[in-house]
Amino acid sequence: MSQAYTPGLLVTPRTSWQCRRVLPIAGQVLVTPGQRVEAEDIVAETQLPGDALPINLAKQMGIAASQVPAALVIPVGGVVQAGQLLAKTAGLFGMFGSEFKSPASGTMEAASSITGQVILRGAPLKVQVKAYLAGKVAEVLPGEGVVMAAPAAVVQGIFGIGGEAYGTLQSVCSAPDQDLTPDLLAEKHRGAIVIGGRRITKAAFDKARSLGVSAVVSGGIDDQDLREILGYDLGVAVTGSEKLGITVIITEGFGDIAMARRTFELLQRLQGSSAAVNGTTQIRAGVLRPEIIVPVAAEESHDNAGPVAAGVLEMGAPVRVIREPNFGELGIVSGLPSEPQVLESESKARVVTVKLTRGDTVCVPRANVELIEGATV
């Protein structure tokens, strides 16, 4: 029987989970190996240099570039406040002098007698990294961050927007094929991670954000709703940096797609548990999946899964297409040609034919599909 292997989304009630939490530049680690921390505890921090503001002081004051260092009232390395006198000249016989007040607060970083420019450096920006995963510090990376480890239930989605968020899981739908609509949301969901069923509507998203919901998880979303939520077409990019005030995780794909029953039932069982979510998604090189991480009691944990799931791609297997033009669509494998096929790009690759749930059959590279673990389509 023809078959192949392909990655799938991980949905597991318990596994040993690890995550690296590192700073963008070298800094200070605030915890020790073996220390237990909560998801929102700060484990490392650093200072990013403030913005640089170049000022052509020679031009502003009408003096030669060579005169700039002597005109400074605030020396290099000194601190100046917005509106404070930065430089002045005596003029001729004490008359016709000029003054220049600083347009911003900062530190005088440099002054050039060649270009006549000075550079003000803004206040440094503090960057802090949270543990994200409540558990034990498995490893300290000196000056960089930590590796966190804990037994956890893990649900990976296909697509998300918004970054890391925290809260308790609260289910609002009674079935995986029930739409997440505004009437299901209330003040009691403020700060929670809301679990829906099928499609989340634009109206439900707006209400969730106005209520202060931390994150929303649902089976599907309409591409027009997504466009209106973002205010632009997403295109091919890494998500997660959107400033929406709320994180959205889609577990199945685009359209009216019910949440996989296995996923829905797992999240139902975990209702009331504290969780961390991250909507960051990258489909192309270096795949990143949005995720829901729920720490579980150590005695309930078994090493029955790892960070990456894989399965057998065979006839009849349920799959999801993860590249355009059929991104997010579900179907079953209807063919596995053994010989490489010529693609539209004129390159050759091994392909799979997929009968989509909408009835069409498409032929796509095997790398463009993922197995839906434990699901039926």
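Visitor: Which residue caps the N-terminal end of α4?

Guide: Asp 222 does, with a side-chain oxygen 2.9 Å from the backbone nitrogen of Gln 224. A polar contact is a pair of N or O atoms within 3.5 Å; within protein, one must be able to donate a hydrogen and the other to accept it, and residues adjacent in sequence count only if both atoms are side-chain atoms. The model is predicted, so local features need pLDDT of at least 70 and side-chain atom pairs pLDDT 80 or more, while totals for chains, interfaces and linings use all residues. Residues are numbered from 1 along each chain as its sequence is written, and side-chain values use heavy atoms, leaving out hydrogens and water.

Visitor: What follows just after α4?

Guide: Gly 231, with a positive phi of about 85°.

Visitor: In what order do the strands of the open sheet stand?

Guide: Strands of a sheet pair through backbone hydrogen bonds, either parallel or antiparallel. Here the order is β3-β5-β12, with antiparallel pairing; two strands pair if DSSP finds at least two bridges between them. β3 and β12 stand at the edges with a single partner strand each, so one side of each has no neighbour in the sheet. Strand β5 (residues 42-48) is joined to β12 by 6 bridges, and Ala 44 stands opposite Val 129.

Notes. Helices (H or I, at least four residues) and strands (E, at least two) are DSSP runs, numbered from the N terminus.
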